[in-house]
Amino acid sequence: MSGQLEQTHPAYRQHHFSDDEQQRESAKLGMWIFLVTEILLFGGLFCFYAIYRAWNPEIFHNAHVHLDVILGTTNTVVLITSSITMALAIRAMQMGRKEISLYNLVATLCLAGVFLVIKYFEYEHKIHLGQLPGKFYNFDGIEGNNPHIFFSAYFLMTGLHGIHVIAGMVVITWLIIKSKAGAFSEKYYTPIEMTGLYWHLVDLIWIFLFPLFYLVG
Amino acid sequence: MANNENTHTHHILPLSVYLGVGTALLVLTVITVWVAQYDFGSVNLIVAMIIAAFKASLVALFFMHLKYDNKLYLLAFLSAIFFLSVFIIITMFDTLRRGDIDKIKAGPIQPKAAIYQNAPTADTTNIIVDSLSSVSDSTLTDTTKQ
């Protein structure tokens, strides 16, 4: 009996998994189910966007020119690049190259920070002009009934996305700390991989947000 | 090796795949912005969404490994997309056809929202928003019903 209890398994594998692959696949399935809930979370807001754009197309056309396409495109490029570095961080750890993995994680974190800084300047400009969501809207110069709807949608959707970016940055910081402490290897990199999945979803959502707000046409 | 060895070697994508897909995404971003300057009317949105969907599938298939992993994860992802599509499409069936039977339902009751009305009328209920003042923060006061 005591022999069975002393069956050794590496520290990173939990008791209830028979081997590493089962643990990894279980984690991946769990993460994908969480990502499904995230898609539906943002999906509700995309539905809100669809309804109000269908009812008030002229508001979206008139209001979107107040968004800076250069900043929006830059943010898209920044997030796509951060997805590349995140994928490379996972790949490096898969091959046991821990330093390269760490550098890529730090690069991802920095790019996420750049995204938030650009977002801060965009928000600050809008707040200064009074282009605020809902009842706080206080801006003249956009024609049409109810231009505040565009900014309600803008702040809600990019705000929720920004919160997800911040949460991702927190997790990536934790990964950096753990990675420096040597917790990961080519045998065990599941947390990095799962964070990668989350981060790619954040990028994916922005890929849709960008044309919907900045490129209304 | 120890009995905790992986039963199958984990598929590691070559660097060229990641860099190639990343470059494709950046190029498609440029194309998205470039196409937006041309006005195709109501097709604008469809064109933008098609390009965005293609970029999203590149991210999902390659960066998120759905092409190479157990098909169950691809099923989960596609299910989410499917149910989200059902949600939006059926909602739009209603939204876009509101005025078909009863013309008065085609648009909102009040064309301009309450925040743009700077004086209370008999219709406004118990909220007055002072949105046209030059004070930086808008105040919200409750008034009792008339």
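This is a predicted model: local features need pLDDT of at least 70, side-chain atom pairs count only at pLDDT 80 or more; totals for chains, interfaces and linings use all residues.

Trainee: How should I read a positive phi?

Mentor: Most residues other than glycine have a negative phi. A second case to look at is A:Asn146, with a positive phi near 60°. A:Asn146 sits in the loop between helix H5 (98–129) and helix H6 (148–180) of chain A.

Trainee: Is A:Asn146 buried or exposed?

Mentor: The cut-off for buried is under 20% relative accessible area. A:Asn146 has 8%, so it counts as buried. B:His65 is buried as well, at 11% relative accessibility.

Trainee: Which residues does B:Asp69 contact, beyond its neighbours in sequence?

Mentor: First place the residue: B:Asp69 is in the loop between helix H2 (43–63) and helix H3 (71–95) of chain B. Its relative accessible area is 14%, so B:Asp69 is buried. Leaving aside neighbours within four places in sequence, B:Asp69 is in contact with A:Lys28 and B:Met64.

Trainee: What is the general idea behind a nonpolar core?

Mentor: In soluble globular proteins, nonpolar side chains tend to be buried together. In this model the largest nonpolar core has 91 residues, and A:Ile192, A:Phe213 and B:Met64 touch the most other members. The largest share of this core, 16 residues, comes from helix H7 (residues 190–214) of chain A.

Trainee: Which residues does A:Ile192 touch?

Mentor: Not counting residues up to four places away in sequence, A:Ile192 touches A:Met86, A:Ile90, A:Met93, A:Ser101, A:Leu105, A:Leu175 and A:Phe184.

Trainee: How many helices and strands does chain A have?

Mentor: Chain A has seven helices and zero strands. Its radius of gyration is 21 Å, well over the 17 Å that the globule rule gives for 217 residues, so chain A is more spread out than a compact globule. Along the principal axes, the C-alpha atoms of chain A fill a box of roughly 75 × 30 × 25 Å.

Trainee: And what is the pattern of chain B along the sequence?

Mentor: Chain B reads α-α-α-β-β, that is, three helices and two strands.

Trainee: How do I read burial and contact separation for a whole chain?

Mentor: Take each chain in turn. In chain A, buried residues make up 57% of the 217 residues. Of the contacts in chain A between residues at least 6 apart in sequence, 78% join residues at least 24 apart. In chain B, buried residues make up 27% of the 146 residues. Residues 24 or more positions apart account for 36% of the chain B contacts with a separation of 6 or more.

Trainee: What about surface and charge?

Mentor: The accessible surface of chain A is about 9200 Å², with 65% belonging to carbon and sulfur atoms. Chain B exposes about 9900 Å², and carbon and sulfur atoms supply 67% of that area. As for charge, chain A has 13 positive and 16 negative side chains, and the centres of the two sets lie 7 Å apart.

Notes
Residues are numbered from 1 along each chain as its sequence is written. Chains are lettered from A and ligands numbered from 1 in the order in which they are written. Side-chain values use heavy atoms; hydrogens and water are left out. A nonpolar core is a set of buried Ala, Val, Leu, Ile, Met, Phe, Trp, Tyr and Cys residues joined through side-chain atoms within 4.5 Å. Buried means under 20% relative accessible area, exposed over 50%, partly exposed in between (1.4 Å probe, protein chains only). Helices (H or I, at least four residues) and strands (E, at least two) are DSSP runs, numbered from the N terminus. Contact means heavy atoms within 4.5 Å. The radius of gyration is taken over C-alpha atoms; the globule rule is 2.2 Å times the number of residues to the power 0.38. Accessible areas come from the Shrake-Rupley method with a 1.4 Å probe; for residues, only the protein chains shown count as cover. Lys and Arg count as positive and Asp and Glu as negative; His and the chain ends are not counted. The place of a charge is taken as NZ of Lys, CZ of Arg, CG of Asp or CD of Glu.
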